[in-house]
Amino acid sequence: LNHIVHNGGLYKRPFNEAFEETPMLVAVLTYVGYGVLTLFGYLRDFMRQWKIEKCQNATEREEQKDFVPLYQDFENFYNRNLYMRIRDSWNRPICSVPGAKVDMMERVSHDYNWTFTYTGRVIKDIINMGSYNYLGFAQKAGTCQEAAAKVLSQYGAGVCSSRQEMGNLDKHEELEKLVARFLGVESAMAYGMGFATNSMNIPALVGKGCLILSDELNHASLVLGARLSGATIRIFKHNNMQSLEKLLKDAIVHGQPRTRRPWKKILILVEGIYSMEGSIVRLPEVIALKKKYKSYLYLDEAHSIGALGPSGRGVVEYFGLSPEDVDVMMGTFTKSFGAAGGYIGGKKELIDYLRTYSHSAVYATSLSPPVVEQIITSMKCIMGEDGTNVGKARVQQLAENTRYFRRRLKEMGFIIYGNEDSPVVPLMLYMPAKIGAFGREMLKRNIGVVVVGFPATPIIESRARFCLSAAHTKEMLDTALKEINEVGDLLQLKYSRHRLVPLLDRPFDETTYEETED
């Protein structure tokens, strides 16, 4: 379904997202493929049990045979018999900076991916289409690296303490003031790990007697944080405002189960860019609902900060909204800034509260000083405070690369998910055999890609996920597109029935469709 939303003036720009329906034949063949693999999996488990086939997976010891089994759930069965067949597509060892091109250590397996042996050969100059290096700050030379090296010689590599003890450096204070200014909020706090920023701070904000309304496709860190909080959790359909509004109405009308008391707090959890779908949150509508029903909004900008908006300030700037309308602004430094860690921004009262009550602030070690300097230097570059236009040019280059790459893939006939402005580009593979085949064929052609399957996606919605970068040149993208086109023909991946018509005189942001026959 292709949505172009203006919605009564809430949106100040077109909002184009496409999620083409899976063709029926493809869906049936995908289920059949998983069915055949499952049958063979049970057959092989039977053979392992009777010692006909060597058993290499984790099993209970003989003396534990009467205990409750540890390794017999479906996910373990899936790992043994399905994932193991294509395991070579993941955890590939990189031995260079994760920039526009990477070097990779070659490895082989002689026992069907149970173990790997390194050949000693390094595969050079693989075009990197998988790293979250959106603005190209993952580099080994330049102002960021020089500044980080200088701070390393002055402060050392580690802090060896938490922020509340001996780990609060002047660099941390500088970073937090800069982040607050960048986001346009009163105050901000930085954390050493992006995942823990969500999982350790949500329990500090809500607890028993509170209600969390979470998008069904939220990241695992948000899910874990919600579960750890002890609050009641209700799920709304992905980016579906009717589903969210119904849950809000029900929460206010019915209150808490059994007692019918009002909820202490209602917190809405959403992401800026959803990292598996490539979709962008309908933030104007979420904020309108939040104001209407007097709830709170927690926005995870891990993938959108730096990657969206005219000056890289994320999804809030992308929609032309005020940061004051978002109660908790969370993001990470691991993607657009080429560093590590995360942050939370908002009102001063919120940040002061988190400094005292957040587990991540009280118990976790502070950010490493060279990492802090990498973030400060790259953020100043994006803001133009380094005296150059390099940061602004990178943001614009990423937007151009995103539009160009998405348009070309659609013209080729692939099913591409997500928003036209999202640098996360999922290409649908569906069938289990094509997950490994696509990754291997692309690597043969010196293109590094990420392929994704269950449990990170629904079991029949396997995909390849490309992450675009400002560091990608047009020549790199054209090379990658040429190889993707070849592999798409080889593996018969061009499932789309709404193929784009390439028109040389078409305006940059307009799209023409032609309906192709099934």
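This is a predicted model: local features need pLDDT of at least 70, side-chain atom pairs count only at pLDDT 80 or more; totals for chains, interfaces and linings use all residues.
Tutor: Residues are numbered from 1 along each chain as its sequence is written, and side-chain values use heavy atoms, leaving out hydrogens and water.

Student: Why is the pair of Tyr430 and Tyr495 called edge-to-face?

Tutor: Rings of Phe, Tyr and Trp (its six-membered ring) pair if their centres lie within 6.5 Å; planes under 30 degrees apart count as stacked, over 60 as edge-to-face and the rest as tilted. Here the centres are 5.3 Å apart and the planes are at 65 degrees, so the pair is edge-to-face.

Student: And what makes the pair of Tyr11 and Phe15 tilted?

Tutor: The centres of Tyr11 and Phe15 are 5.4 Å apart with 40 degrees between the planes, which is tilted. Both Tyr11 and Phe15 are buried. Ring pairs also link Tyr11 and Phe15 with Tyr318 and Phe319 into a cluster.

Student: How do you know that the charged end of Arg107 sits over the ring of Phe116?

Tutor: A charge sits over a ring if NZ of Lys or CZ of Arg is within 6 Å of the ring centre and within 35 degrees of the ring normal. The charged end of Arg107 is 4.1 Å from the centre of the Phe116 ring and sits over it. Likewise, Arg394 lies over the face of Phe137, at 4.4 Å from the ring centre.

Definitions and conventions: Buried means under 20% relative accessible area, exposed over 50%, partly exposed in between (1.4 Å probe, protein chains only).
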